[in-house]
Amino acid sequence: MRRTQLLWGVSCMMLAMSPCYASRGTGWRWYDDPTPPLKPKQPDIVRTTSQAPQPLSPQQQLKAIQEHYKDARAEAVMHPTVKNAMIVMRWHQYFLKMSDEFGVAFKKALLVDPTLSYRATYPLESVARQAY
């Protein structure tokens, strides 16, 4: 009897020291949510006495973009390298993306206010033309 108690005690101690029981209460390993990484503290903003530069107006921004594009295009024409051609192609992609965004905004504006549509005033469909 004493031997069984001793074996029982040793086996309980071995089980208690096993890795399975060491992490009791945390759930299954594959269900544990990882702890989120700590975000670094944002540095305090230091205000200086000098004034911040004034933001450019939309017209000034457009003129600056046009100047940068003209410079890149002139550089690519005068010195035709792969790098210069890639720069001009990136400018073209930028202009296409911006024109797409403007087109989407234009269509959304027509959804908000359909009276802005030219077709509302001057219909193009044949049945609507007859009624017009």
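Visitor: Why is N84 called buried in this model?

Guide: In this predicted model, N84 has a place in helix α4. Its relative accessibility is 11%, and buried means under 20%; N84 therefore counts as buried.

Visitor: Which residues is N84 in contact with, once neighbours within four places in sequence are left aside?

Guide: N84 is then in contact with E75, A76 and H79. Contact requires heavy atoms within 4.5 Å.

Visitor: Which residues is Y69 in contact with, under the exclusion of neighbours within four places in sequence?

Guide: The contacts of Y69 are V88, W91, H92 and F95.

Visitor: Which residues make up the largest nonpolar core?

Guide: That core has five residues: Y69, A72, A76, V88 and W91. Helices α3 (58-78) and α4 each supply at least two residues of it, and α3 gives the most, with three.

Visitor: What makes such a set a nonpolar core?

Guide: Its members must be buried residues of the listed nonpolar types, joined through side-chain atoms within 4.5 Å. Y69, A72, A76, V88 and W91 form the largest set of this kind. In soluble globular proteins, nonpolar side chains tend to be buried together.

Visitor: How do α3 and α4 pack, in angle and in distance between their axes?

Guide: The angle is about 145°, and the axes of α3 and α4 are 8 Å apart. The crossing of these two helices is left-handed.

Visitor: Which residues make the contact of α3 with α4?

Guide: From α3 come I65, H68, Y69, A72, R73, E75 and A76, and from α4 come N84, A85, I87, V88, W91, H92, Y94 and F95. By type, the residues of this contact divide into ten nonpolar, three polar and two charged.

Visitor: Why is S117 called buried?

Guide: S117 is placed in the loop between α4 (82-112) and α5 (118-121). At 18% relative accessibility, S117 falls under the 20% limit, so it counts as buried.

Visitor: What does the side chain of S117 reach?

Guide: The side chain of S117 reaches the backbone nitrogen of R119 at 3.2 Å. The limit for a polar contact is 3.5 Å.

Visitor: Why is D113 called partly exposed?

Guide: D113 also lies in the loop between α4 and α5. Its relative accessibility is 30%, a value between the limits of 20% and 50%; D113 therefore counts as partly exposed.

Visitor: What joins the side chains of D113 and T115?

Guide: A polar contact of 2.6 Å joins the two side chains, and this class of contact is set at within 3.5 Å.

Visitor: How many helices and strands are there in the protein?

Guide: There are six helices and zero strands, and along the sequence the pattern reads α-α-α-α-α-α. The protein has 132 residues, of which 7% are buried.

Note on methods: Residues numbered from 1 in each chain as written. Predicted model: local features only at pLDDT ≥ 70, side-chain atom pairs only at ≥ 80, totals over all residues. Heavy atoms only, no water. Helix = DSSP H or I, 4+ residues; strand = E, 2+ residues; numbered from the N terminus. Buried < 20%, exposed > 50% of the residue type's maximum accessible area, 1.4 Å probe, protein only. Polar contact = N/O pair within 3.5 Å; in protein donor to acceptor, adjacent residues only side chain to side chain. Axes fitted to C-alpha atoms, helices over the stretch in contact; angles between N-to-C directions. Left-handed = near helix turned anticlockwise from the far one by under 90°. Nonpolar A, V, L, I, M, F, W, Y, C, P; charged D, E, K, R; others polar.
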